[in-house]
Amino acid sequence: MLVARARDRRRYEPRDTLTSLLLGTGSTVAGALTGGAVFALSLWLYQFRLFDIGWQWYWFVVAFVIDDLAYYWFHRTAHRVRWFWASHVVHHSSQHYNLSTALRQTWTGFFALSFAFRLPLFLIGFPPAMVFFVAGINLIYQFWIHTEVIGRMPRWFEAVMNTPSHHRVHHATNARYLDRNYAGVFIVWDKWFGTFEPERDDEVPRYGIVKDLGSFNLLWAAFHEWIGIARDVWRAPGLANKLRYITAPPGWSHDDSRDTSDKIRAAWMARRQEGTQEGSWKKPISSSSGVDRAERRSPAG
């Protein structure tokens with residue numbers, strides 16, 4: 001915070017930071033209340049394991065890599081299925097990008113069944129304690145990459161590992177950057193599965209979500225997307241549309257009145273091919289943003 005203040009004091013907004021810290025505190029409490037149930041489920045599944053994997057050091061390495069792959073698919077699904085997005089959106093709702101943003105975590109991960117993506121590891125035969133240990137290391141790794149203070153890491157590191165540069169792209173709402181770089185630790189997953197996008201010096205990331213919160217209300221930040229799903233399901237005509245409001249990508253609507261990330265990117269690419277940026281989609285600036293630094297430094301994406 002001291003370094004960021006010396007460089008650009010707008011990188012931290014006190015109310016935004018407080019909201020992030022309170023969301024992180026609530027997430028810790030929620031995890032403490034539900035962690036026992038998840039661990040009990042993992043022990044139950046473990047009795048049906050395919051292999052007996054020991055506690056040698058190299059199994060920790062294998063577990064870490066497989067768990068990170070599982071995290072990639074959880075993270076990708078959390079952006080592509082609205083049910084999971086309703087929980088994960090909390091982490092993206094800040095329009096600032098700093099270390100406090102890393103602590104801006106959901107209270108409803110257990111309700112959203114986010115833990116389901118790790119269950120195959122127990123069936124393979126990795127001991128639950130080992131899986132939760134490497135998952136903790138994965139989570140700790142992701143803390144430091146939430147910063148604008150670090151520009152680029154060495155090229156070899158950027159090629160393999162998730163970095164602040166790669167993760168800034170993930171948190172950005174520029175059309176070029178939307179729904180990219182889902183990696184937890186190893187960016188190679190994005191490169192292999194076609195979801196990688198490098199950060200560009202000529203396009204400063206705009207942080208937040210497509211429709212920003214517009215306030216620092218803690219409860220609204222924690223539950224706004226669940227409320228949105230409930231409203232859409234209630235109003236939607238027909239059972240099929242009601243289900244789609246739960247399972248379709250965020251931004252889907254039965255009357256095509258909203259934009260998904262795919263539609264936003266497709267429209268942006270079409271304008272690029274036409275050689276014009278006029279009328280391009282631009283995320284609105286909410287009351288929680290203050291001055292939009294990207295607006296002054298680069299054209300809208």
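I am working with a predicted model, so to speak of local features I need pLDDT of at least 70 and for side-chain atom pairs pLDDT 80 or more, while totals for chains, interfaces and linings use all residues. Residues are numbered from 1 along each chain as its sequence is written, and side-chain values use heavy atoms, with hydrogens and water left out.

**Largest pocket.** I started with the pockets (on a 1 Å grid over the protein atoms alone, open sets of points where a 1.4 Å probe fits, with protein on both sides within 12 Å along at least five of seven lines; lining residues have an atom within 4 Å of a point). The largest pocket holds about 1,400 Å³, a volume being the space filled by probe spheres set on the points, which are joined across faces, edges and corners. I found 43 lining residues, with Ser-27, Gln-105, Thr-106, Arg-118 and Leu-139 nearest the centre. Helix H2 (14-46) gives the largest share of this lining, 10 residues; helices are DSSP runs (H or I, at least four residues) numbered from the N terminus. The lining splits into 22 nonpolar, 19 polar and 2 charged residues. Here Ala, Val, Leu, Ile, Met, Phe, Trp, Tyr, Cys and Pro are nonpolar, Asp, Glu, Lys and Arg are charged, and the others, Gly among them, are polar.

**Second largest pocket.** This one has a volume of about 890 Å³. Its 36 lining residues include Trp-85, Val-210, Lys-211, Glu-225 and Gly-251, which lie nearest its centre. Helix H11 (218-235) supplies the largest share, 8 residues. I noted 13 nonpolar, 12 polar and 11 charged residues in the lining.

**Aromatic pairs.** My search of the whole structure gave 27 aromatic pairs (ring centres of Phe, Tyr or Trp, the last by its six-membered ring, within 6.5 Å; planes under 30 degrees apart are stacked, over 60 edge-to-face, the rest tilted). Phe-64 and Phe-186 have ring centres 5.9 Å apart and planes at 90 degrees, so I logged them as edge-to-face. They link distant parts of the chain, 122 residues apart: Phe-64 sits in helix H3 and Phe-186 in the loop between H9 and H10. Phe-64 is buried at 15% relative accessible area, and Phe-186 is buried at 17% (buried is under 20%, with a 1.4 Å probe and protein chains only). I also found Trp-57, Tyr-58, Trp-59 and Phe-126 linked into a cluster by ring pairs.

**Charges over rings.** Last, I looked for charges over rings (NZ of Lys or CZ of Arg within 6 Å of the ring centre and within 35 degrees of the ring normal). Arg-49 lies over the face of Tyr-46, 4.2 Å from the ring centre, and Arg-244 over that of Trp-252, at 5.0 Å.

Note on methods:
Helix = DSSP H or I, 4+ residues; strand = E, 2+ residues; numbered from the N terminus. Buried < 20%, exposed > 50% of the residue type's maximum accessible area, 1.4 Å probe, protein only.
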